[in-house]
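Biologist: I have a structure to read and some questions about it. Could we go through them one by one?

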Amino acid sequence: MGKLTIIKHARVFDGEDVSGPRTVVIDGSRIGGDELADDPDPSAVTIVDGTGCTLLPGLIDCHVHIGDEAQLASCASYGVTTVCDMACIPLEKYAKLRATKGPTTWLSSSLPAYEENSRHGKLFKLGGVTTDHAVHNTDEAAKFVQDRVDENVDYIKIIADYPGHEQAVLDRIQAEAAKHGKMTIAHVAHYDAFQRGLQADFDNLTHVPSDKALDDNIVGRMVNQKTVAIPTLTMMEAMANSWILWGIGLVFKSMGRNRSFQAALDSVAAMHNAGVPILAGTDVNNSGIVTIVAGKSLHHELELLVRAGLTPVEALRAASSLAAQRFNLQDRGRIAPELRADLVLVNGNPDKDITATQRISRVWSAGEEISVSAAGPVSGWSCSVM
């Protein structure tokens, strides 16, 4: 038995549904059985009164770009205890973050597959990434996947926008990733890219079109192919409202693109109505062009998913049990005995009002309590330790 923390009188969202008020026990780094709450030694137990609060699994952001260890650590202060990095450049940063031991678990693809003369290729070149990392043909596609497997990546990331790779290259990347048992996630930020991603049969498509809403044909193919969506509505909203991108589009016509946030919302609504699984991801980054704040932004993403038509409970699942299941994180995403004690206690009822996730009272990562961001709790109303 580890050190015990007993959370009493809290409503509990266990990753699927809400129950309670009831008791949840943290036993060391894991969630303990209810019997541990019976007649505990008062000198060895911390009691938390969860009256008026809801206990959630630690939240999972399925699309981030973490810049450094400090940014990664800050995620947990907002209740985000697991993040999925979708391109880590340069490789030295990947190695450094992979070795980091902190309150937020970091998964990563390392380098993404990109075409040298694509928009991303030009941006990477400006960022100092040498062109020998680009993928130019199907033979290099196979080598790219093998290199990522050798780096022990968690999944394979591909830039599928056009201009970009020929379809044969995208198809080869998917085939090679499947051969190695690696899940694929493709960047598809416009309608045509969605078609290319579906043609390659990538496992997950991240972002959502803002140039044209997804239609029944595209959504139907996603259902048939069991494709999962990570819309990153926070980023799509920020891009649609960005004066910087508007100015870049005026100067570089090839970088300009009509952006409608309503098209993005409509696309998510269409996918949701058809039964496409939707995960919560934000596109966290500190680029300075369209910056998305780590940790805090996931709560806004949940709001936007609800705005697009998900129920609050469906939005919560998108950042917990569904995300954990998709990324094969069998030890988290739910609240049940023996699972990792990644937990978030919030004031109010987020299953009815999704903004309640922003009223963070307490956070635990692997059973260790984490300092909550100053922007988290609501002044004058928080769950207390007894």
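Biologist: Is R317 buried, exposed or partly exposed?

Modeller: First, a caution: this is a predicted model, where local features need pLDDT of at least 70, side-chain atom pairs count only at pLDDT 80 or more, and totals for chains, interfaces and linings use all residues. Residues are numbered from 1 along each chain as its sequence is written, and side-chain values use heavy atoms, with hydrogens and water left out. Buried means under 20% relative accessible area, exposed means over 50%, and partly exposed lies in between (1.4 Å probe, protein chains only). R317 has a relative accessible area of 22%, so R317 is partly exposed.

Biologist: Which residue forms a salt bridge with R317?

Modeller: A salt bridge needs a side-chain nitrogen of Lys or Arg within 4 Å of a carboxyl oxygen of Asp or Glu. For R317, the closest N and O atoms of the pair are 3.1 Å apart. The partner is D17.

Biologist: How many residues apart in sequence are the parts that R317 and D17 tie together?

Modeller: Helices (H or I, at least four residues) and strands (E, at least two) are DSSP runs, numbered from the N terminus. R317 lies in helix α12, residues 312–318, and D17 lies in the loop between β1 (4–13) and β2 (18–27). D17 is partly exposed, because its relative accessibility is 45%. The pair therefore ties together parts that are 300 residues apart in sequence.

Biologist: Where do K143 and D147 lie?

Modeller: These two form a salt bridge, with the closest N and O atoms 2.8 Å apart. K143 counts as exposed at 51% relative accessibility, while D147 counts as partly exposed at 25%. They are four residues apart, about one turn of the helix, and both lie in helix α4 (residues 138–150).

Biologist: Why would residues three or four places apart in an α-helix point the same way?

Modeller: The reason is in the turn of the helix.

Biologist: Is R332 buried or exposed?

Modeller: The side chains of R332 and D331 meet in a salt bridge, 2.9 Å from N to O. D331 is partly exposed, with a relative accessible area of 23%. R332 has 8% relative accessibility, so R332 counts as buried.

Biologist: How many salt bridges does a search of the whole structure find?

Modeller: Some of them join up: R11, D351 and K352 are linked in a network of salt bridges. The search of the whole structure gives a count of 16.

Biologist: How many aromatic pairs are there?

Modeller: Rings of Phe, Tyr and Trp (its six-membered ring) pair if their centres lie within 6.5 Å; planes under 30 degrees apart count as stacked, over 60 as edge-to-face and the rest as tilted. By this rule the count is three.

Biologist: What kind of aromatic pair do Y94 and W106 form?

Modeller: Y94 lies in helix α2 (residues 91–98) and W106 in strand β8 (residues 105–108), so the pair ties together parts twelve residues apart in sequence. Both Y94 and W106 are buried. Their centres are 5.8 Å apart, with 50 degrees between the planes, and the pair is tilted.

Biologist: And what kind of aromatic pair do Y114 and F124 form?

Modeller: Y114 is buried at 2% relative accessibility, and F124 is buried at 14%. The rings are 4.8 Å centre to centre, with 80 degrees between the planes, and the pair is edge-to-face.
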